[in-house]
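Hi there,

Here is the structure I promised to pass on to you. Please have a look at it first, and then read my notes below.

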Amino acid sequence: MSGTFTLIALAFGLSVDAFAAALGKGTGERTSTLTSALRIGFVFAAMEAIMPVVGYLIGMALSAWVAGIDHWVAFILLSLVGIHMIWQAFKEEPETIDDHAETAANGPIRGPRWIHLGLAAVATSIDATVVGVSLAMVGTNLVLACLIIFGVTLVMCTMGALIGRKAGDWLGHWAEVAGGIVLIIIGALILTQHLSQGI
């Protein structure tokens, strides 16, 4: 679980819901500049990297109680998050240009729009708290995991904000589906690895 490749895949899975949200937020910008896209990307990335720490601390507190079944806990939590992401992708319509027509006319993000962006970042990073519990269960390097999650999310969300507009109408759904599938696969790999080792 602590392998760099696995952590990158995990970061991708966590960041796609933020990516989908960044697509919508990008449509609210007057112009899709790199600076405005980086602002959006940074807010999402920072929150996505902070939330696993909360979950990790919770997981460490619980680890003594579930030491014998930690791999099952990680598998179940990651699978539930993945299934929830897939369900949400088909349940909700992505944000469209019309949703942001008024904010687009108001120029760059400032004031209440920063609050809206922050709330969106918190909402899309809640799943990362649950994943943080899983990271604690399998003894992952928390600092490395958070740095990778931050970097991947920053890139993903900056790209999402730059792409924005029409692409967000269809890409958001499938990005979340892909992320959900990735998390389920990672959970299954953790479980398979532990069972094959007789742990």
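A term to start with: a nonpolar patch is made of residues with over 30% relative accessible area and no salt bridge, whose nonpolar side chains are joined within 5 Å. Please also keep in mind that this is a predicted model.

Now the overall picture. The protein has 7 helices and 0 strands, so the elements from the N terminus on read α-α-α-α-α-α-α. Of its 199 residues, 49% count as buried. Its accessible surface comes to about 9,400 Å², and carbon and sulfur atoms account for 73% of that. Among contacts between residues at least 6 apart in sequence, 93% join residues at least 24 apart.

An unreviewed UniProt entry lists residues 36-59, 71-90, 114-135, 142-164 and 170-191 under "transmembrane region". I looked at two of these spans. Residues 71-90 are 100% helix and 0% strand, with end C-alpha atoms 29 Å apart. For residues 142-164 the figures are 96% helix and 0% strand, and there the end C-alpha atoms are 32 Å apart.

Back to the patch: which residues make it? They are Ile-69, Trp-72, Ile-76, Leu-80 and Leu-195, and together they form a nonpolar surface patch of about 480 Å². Helix α3 (residues 70-91) gives the largest share, 3 residues. Leu-195 belongs to helix α7 (residues 167-196).

Enjoy exploring it!

Best wishes

Notes: Residues numbered from 1 in each chain as written. Predicted model: local features only at pLDDT ≥ 70, side-chain atom pairs only at ≥ 80, totals over all residues. Heavy atoms only, no water. UniProt positions renumbered as here; feature names shortened; annotations may be inferred. Helix = DSSP H or I, 4+ residues; strand = E, 2+ residues; numbered from the N terminus. Patch = residues over 30% accessible without salt bridge, like charges linked within 9 Å, V, L, I, M, F, W, Y side chains within 5 Å. Areas by Shrake-Rupley, 256 points an atom, 1.4 Å probe, with all protein chains shown as cover. Salt bridge = Lys/Arg side-chain N within 4 Å of Asp/Glu carboxyl O. Buried < 20%, exposed > 50% of the residue type's maximum accessible area, 1.4 Å probe, protein only. Contact = heavy atoms within 4.5 Å.
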